Amino acid sequence: MGTQDIPATLDSVPSSFVQFALADKLINLCRANSLWPLTFGIACCAIEMMATGAARFDLSRFGAEVFRPSARQSDVMIVAGTISHKMAPGIKTLYDQMPEPKWVIALGNCAISGGPFVYEGQYGIVEGADKIIPVDVFVPGCPPRPEGLIEGIIELEHKITGWRRWPKVKPEWQDAP
Amino acid sequence: MNIQETTQQRLSELFKAIGVDTGENRLASDQSTDGQEQETPPRLPGIIEMNYAEKGFHLDVLIEQEQLLRAAEIMFDLGYFLESITGVDWIKEDLLEAVYDFSRYDFNLCRVAVRVFIPRLAPHLPTITGVYTGANWHERETHDFFGIVFDGHPHLIPLLLPEDADFHPLLKDFKA
Amino acid sequence: MSEPIELQQDETFVLNLGPQHPATHGVLRVKLTMDGEYIYNAETVLGYIHRMHEKMAENRTYPQYMPNMGRLDYLSALSFNHGYALVVERAAAIEVPERAEYIRVITVELNRISSHLVWLGAFVLDLGGFTPLMYCFDDREQILDLLESVTGSRLTYCYFRFGGLYNDIDETFIAGTKSFIKRMRKELKMYAKLVTGNVILMKRLKGHGRVDRDMCLRYGATGPVARGSGINYDVRRNEPYSVYPELDFEVPVYDDGDSFARYLVRMDEMEQSLRIIEQALEKLPDGPVNPEKKPKLIKPPPGDYYAAVETARGNFGIRLVSDGTKNAYRLKLRSPTYSNMHLFDEACRGMLLADALAFMGSLDLVIPEMDR
């Protein structure tokens with residue numbers, strides 16, 4: 001699938017041969033803290049994505065609550081659900097429509113590997129979003145909890161800026177006997 | 001007269017020429033012969049009253065292909081709505097079965113399953129979209145999954161499968 | 001009815017609504033032939049999230065297939081659990097203890113409220129109101145907390161077992177549910193003030209998206225869509241299953257058949273569900289939640305079985321064809337929105353595009369359940 005053939009856009013960006021290190025860092029910091037996800041729910045995980053954006057979990061605390069309905073205005077695509085063969089070209093088109101720089105979060109087991117819908121002789125689904133588009137962060141779960149998606153977004157910020165702004169919380173079960 | 005008897009009476013007009021069959025369940029007899037009789041299904045067209053508590057539906061009607069449209073008209077006349085259309089692939093008997101589920105909106109509970117058996121190689125059925133408009137998608141879906149061709153259907157293209165799909169995944173001999 | 005599009009006028013153009021469109025609540029695609037702002041013809045294209053549920057039933061044993069029910073309709077997963085459990089229990093002749101039946105009803109009704117809350121939030125969001133979404137999701141989180149404490153998951157529940165449940169409810173759950181009922185009664189009054197009486201909402205919904213009784217019959221529409229068109233049809237009443245006959249509740253029916261009627265039906269249903277939960281909690285008997293005698297391997301005798309339940313969106317029916325082995329020979333899932341959405345093609349003709357989207361929202365679509 002042609003995505004890999006697209007020349008890396010960084011070549012044409014001046015910063016790759018003229019380094020504006022501090023400016024780059026600053027720009028990336030801005031990008032990381034105001035991610036605009038694409039409003040694109042496919043299946044169950046989309047409801048958890050909505051829940052993440054809504055009252056209790058409040059994604060806007062992390063600056064990623066501006067869900068844009070158009071791919072041309074967004075820079076993170078959250079693939080939230082199973083990708084069927086019929087939908088795959090559509091997802092590729094949406095990804096291509098997004099302006100650079102862009103990132104992809106594969107939310108849930110279906111977007112990671114096909115999840116529970118993989119069996120021998122399956123005819124309908126693409127086994128993982130990374131088969132058609134490059135994926136930056138994988139968030140496992142069926143569906144992942146909203147905390148999972150928030151962690152995924154923090155992880156993406158980490159990837160963009162190179163450092164993690166939020167502390168890592170030690171899971172409770174590690175302390176248990 | 002309750003609705004079940006009325007339905008039975010109205011539907012029995014389809015079988016005047018053949019006579020009503022009150023034989024045992026076709027599947028049960030299938031098991032005993034272990035699919036040896038391949039040419040004809042042992043059950044003759046007719047109506048069987050089912051035990052609702054056990055099976056979940058009241059009347060099991062087996063009809064011939066050409067009676068389908070008339071049966072649908074009778075059901076519509078009696079105020080039934082079409083719940084679904086589906087197929088079953090009986091690969092051992094070399095037959096395809098189409099099942100039409102009917103139910104009612106009012107409190108006279110009566111679920112009717114109308115079945116038709118058709119040969120597996122040339123599966124053709126008349127469309128009932130003229131009677132039940134909602135049969136449109138159900139027939140398209142059955143065409144997707146089993147390859148049953150509904151003659152006279154206004155728009156028989158894949159609905160759930162990709163537009164260029166040429167396979168019928170719910171057939172038992174389907175390999176991806 | 002989706003006929004091949006034949007252009008009658010030079011002025012028409014084709015507009016693709018979806019598969020990625022925020023108002024379609026998923027990956028639904030409608031090919032609209034537009035005459036200016038008016039819809040001339042519509043053809044729905046499904047299958048963008050076809051996940052082979054029916055084929056999987058043939059590849060998995062009966063218990064293995066239960067998790068699929070949670071993924072089929074993720075908003076009212078427990079109703080689908082219930083439908084599948086019913087058909088297999090019927091086929092394999094498994095008795096369900098009474099306590100389990102009551103807990104089933106309690107959890108299913110809680111799930112129904114949470115489903116309607118998502119619908120309400122998303123529906124009003126479609127119409128341009130953002131605030132109700134936040135309130136709805138806040139209330140929904142209370143339900144999810146309760147259900148999570150007994151089922152173990154937030155959304156795609158796999159709580160029912162053949163003959164019983166995964167685990168019993170405890171005092172905390174009962175106390176939590178009781179306080180939730182109190183809270184929800186207050187919230188429903190708030191919604192009535194905030195949303196129902198809103199003039200803009202009324203103007204967008206009243207008189208638009210008319211579906212009459214005849215159309216429901218021809219398409220086999222069920223659930224709130226049918227009840228909004230004056231059809232008193234609720235599987236819980238018409239074909240009583242579980243312990244619903246012992247509980248006192250009303251089936252809200254409105255005769256107008258427009259988007260507003262469907263809206264009111266769902267709002268009333270939330271109230272009725274609260275009533276059901278309240279009564280079920282009162283009547284909740286003691287005892288085990290799983291039968292003492294239960295077959296280790298579920299192999300229903302050969303034959304056809306049917307079961308139907310009322311989900312948040314309408315009549316969900318399962319036809320199970322068993323051949324006596326541990327896998328189903330054929331499992332047909334009759335999903336409610338499949339029939340409800342089908343009438344959109346006919347009913348939206350001549351509507352303004354914006355009204356058609358309000359109409360679509362009032363049908364309460366869950367796409368994976370349609371595509372299966």
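**Chain C and its two partners**

Author: The model is predicted. In it, 35 residues of chain A are in contact with 37 residues of chain C.

Reader: How much area do chain C and chain A bury between them?

Author: Carbon and sulfur atoms account for 66% of the area buried by this pair. On the side of chain C, Gln20(C), Met52(C) and Arg154(C) supply 21% of what that chain buries against chain A, more than any other three residues. The area buried between the two chains is about 3100 Å².

Reader: How far apart are the closest N and O atoms of Arg145(A) and Glu148(C)?

Author: Chain C and chain A have four salt bridges between them. Arg145(A) and Glu148(C) form a salt bridge. A salt bridge requires a side-chain nitrogen of Lys or Arg within 4 Å of a carboxyl oxygen of Asp or Glu. In this pair the closest N and O atoms are apart by 2.5 Å.

Reader: Which element gives the largest share of the side of chain C that touches chain A?

Author: Across this interface, 12 residue pairs are in polar contact, both residues being at pLDDT 80 or more. The elements that give two or more residues to this side of chain C are α1 (53-59), α2 (62-72), α4 (98-126) and α5 (131-151) of chain C. The largest share is nine residues, and it comes from α5(C).

Reader: How many residues of chain B take part in the contact with chain C?

Author: The area buried between chain C and chain B is about 4600 Å², with 54% of it given by carbon and sulfur atoms. Leu217(C), Tyr329(C) and Tyr338(C) supply 14% of the area that chain C buries against chain B, more than any other three residues. Chain C brings 52 residues to the contact, and the number from chain B is 56.

Reader: Which residue of chain B meets Arg29(C) in a salt bridge?

Author: The count of salt bridges between chain C and chain B is seven. One salt bridge involves the side chain of Arg29(C), with an N to O distance of 3.6 Å. Its partner is Glu163(B).

Reader: Which helix gives the most to the side of chain C that touches chain B?

Author: Across the interface of chain C and chain B, 28 residue pairs are in polar contact, both at pLDDT 80 or more. The side of chain C that touches chain B has 20 nonpolar, 12 polar and 20 charged residues. With six residues, the helix that gives the most to this side is α12 (residues 336-347) of chain C.

Definitions and conventions
Residues numbered from 1 in each chain as written. Chains lettered and ligands numbered in written order. Predicted model: local features only at pLDDT ≥ 70, side-chain atom pairs only at ≥ 80, totals over all residues. Heavy atoms only, no water. Contact = heavy atoms within 4.5 Å. Buried area = accessible area lost by both parts, 1.4 Å probe. Polar contact = N/O pair within 3.5 Å; in protein donor to acceptor, adjacent residues only side chain to side chain. Helix = DSSP H or I, 4+ residues; strand = E, 2+ residues; numbered from the N terminus. Nonpolar A, V, L, I, M, F, W, Y, C, P; charged D, E, K, R; others polar.
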